[in-house]
Amino acid sequence: MFILSEDSERTSGEDAQQSNITAGKAISEAVRTTLGPRGMDKMLVSDAGDVVITNDGATILDEMDIEHPAADMIVDVAQTQEDEIGDGTTTAAIIAGQLLAQAENLFEDDVHATTVVEGYHEAAELAHDAVDEMTLDVDVDDELLINVAESSMTGKGTGGVTAESLAQTVVGAVSHISSDEGVERDNITLQTQVGGSSSETELIQGIALDEEAVHETMPDAVENADIGLLDVELGVQAGDVDAEYSIENIDQLNAAMDAEESELKETAQSIVDSGVDVLFNSEEIDDRVASLLANEGVLAFDSLSDSDIRGIASATGARRVGALEDFESEEFGHADSIRTEAFADDELVFIEGGAAAESVTVLVRGGTEHVVDELERTLRDAVDVVSSAAETGSIVPGAGATEIAIAAHIRSEAAGISGRKQLAVEAFADAIDTVPRTLAENAGLDAIDSLVELRGDHDDNGRAGLIVDGQFREVGDPVEHGVVDPAAVKHEAIESATEAATMIARIDDVIAAE
Ligand code: ADP
Ligand code: MG
């Protein structure tokens, strides 16, 4: 009797386990060379020939065309890490893969899957305790936040700009949108602009939009600007255009043209009379109206998207107006300065200061699209981790020190756990060791020697990381070298890696519909 359709494929027992574990391990192998300051980049080429060059774990796994269901779950681990914290994706994927590799050994030693799962969950609790234990007892000030930003950027493509200056930009942005109520992460926008050098990446205290003035003789900068938002087409009223003129002689033609002309003039005049300095319109502005506005020194933009208009409204306090007769000063918003600037192929408008100052924009610059895209990913991670560190105020030493402490704590507690579960708990510690081990390997050091040295130093000093900077390598206190990560990165990595690995380890039957 068949209970499955003939088209479905079934693998069970050890084969299923084996295949899932192999797939999961393969995924974490794929990203491990990118970990840390000496991590390498990957070049990913799609079927269509699109190229992405990146060091970002989540991006690599996302771009890879992964079909295996278990491997897909490891990709989800990286994605969850990216969504929840924004950094630590490689770490999470490596730990998940190693937990699976360790599970394989445990299965070979006849430790049952449910014992492995229990042991892993117990070890994960110990790991969280160890992270709490390692959390620095300090006020998280700008200097520490700069360290957090820099350490999240090490090994990433930053083009021709130093991590330090980018870190300052990021911390500047986050401080700007932080208050007693917390960090309004949504008020930071990253705007990419190809052209120029990555060192021109800068913080705008306001917003930047990809827009060009409707007339080239309009002012390219307005200080102390009153800003109006309109949802009205500024041209000849549609009704007039459609009406049939029966024009029989030149006088009638002139009269019709005059009527049109004076209507346009009236429209432009009512804008000018409102006293507005800068106009953003979601609808079109006729060239002739544009030219009249330009003559009066009004700066105007048309055909803005709804979301851009809403962005300007929330940044400047301006209210949208749906009829020309309601367009008056009490509806206007305000900014210290509005300026337009031309880049390679585009023109951007910057709205800065005043009411606009609640939002900030990091203008990401770089010579080519690849540079700008990778720089944007790097900065996005940095903004996320700095926001998380600023909000929670919890920071742990980086460079493997926290992982060394986690593994030590788990091993010391494992002694008190009876039965085979002890083996699973110890295996969890071995999996965590992969982080400092990989940092060492990627820095060209012997992994075993480094682990031994790190453990010894940890036992003596309570805090030991493998600090890597250019050609410099040293086992020491990462905090002294400014290598720190948000505690949330570690907590989330432990949680999502354990979840995925235990879920995969429990599977002994794969039934796939063809
Ligand atoms: P992830 O995707 O997991 O964030 P990264 O490639 O960003 O991977 O590497 C992060 C790891 O590199 C963290 O463990 C962090 O502490 C470590 N790290 C950052 N800077 C340094 C440094 N200068 N020396 C050693 N390790 C560092
Ligand atoms: Mg990182």
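Me: Which residue in β18 is the bridge partner of valine 468?
Reply: This is a predicted model, so to speak of what it shows: the bridge partner of valine 468 in β18 is arginine 473.

Me: How many bridges do β17 and β18 pair over, and is the sense parallel or antiparallel?
Reply: β17 and strand β18, which covers residues 472-476, pair over 5 bridges in the antiparallel sense. The hairpin that the two form has 2 residues between the strands, and in this hairpin glycine 470 takes a positive phi near 60 degrees.

Me: And what about β2 and β3, how do those strands run?
Reply: Strand β2 (residues 42-45) and strand β3 (residues 51-54) run antiparallel and are joined by 4 bridges, with methionine 43 standing opposite isoleucine 53 in β3. Their hairpin has 5 residues between the strands, and glycine 49 takes a positive phi near 90 degrees there.

Me: OK, switching to the ligand. Which residues are the closest to ligand 1?
Reply: Ligand 1 is surrounded by 22 residues, of which the closest are Thr90, Thr91, Ala399, Val468 and Asp485. Val468 is also the residue whose bridge partner in β18 is arginine 473.

Me: What lies 2.7 Å from an oxygen atom of ligand 1?
Reply: That is an N or O atom in the side chain of aspartate 485.

Me: How much of its accessible area does the protein cover?
Reply: On its own ligand 1 has 580 Å² of accessible area, and the protein covers 96% of that. The space that ligand 1 takes is the largest pocket.

Me: Last one: how do the shell residues divide into nonpolar, polar and charged?
Reply: The shell around ligand 1 has 8 nonpolar residues, 10 polar ones and 4 charged ones.

How values were computed. Residues are numbered from 1 along each chain as its sequence is written. Chains are lettered from A and ligands numbered from 1 in the order in which they are written. This is a predicted model: local features need pLDDT of at least 70, side-chain atom pairs count only at pLDDT 80 or more; totals for chains, interfaces and linings use all residues. Side-chain values use heavy atoms; hydrogens and water are left out. A residue is near a molecule or strand if one of its heavy atoms lies within 4 Å of it. A polar contact is a pair of N or O atoms within 3.5 Å; within protein, one must be able to donate a hydrogen and the other to accept it, and residues adjacent in sequence count only if both atoms are side-chain atoms. Accessible areas come from the Shrake-Rupley method with a 1.4 Å probe; for residues, only the protein chains shown count as cover. On a 1 Å grid over the protein atoms alone, a cavity is a set of points where a 1.4 Å probe fits but cannot get out, and a pocket is an open set with protein on both sides within 12 Å along at least five of seven lines; lining residues have an atom within 4 Å of a point. A molecule sits in a cavity or pocket if more than half of its atoms lie within 2 Å of its grid points. Ala, Val, Leu, Ile, Met, Phe, Trp, Tyr, Cys and Pro count as nonpolar, Asp, Glu, Lys and Arg as charged, and the others, Gly among them, as polar. Two strands pair if DSSP finds at least two bridges between them.
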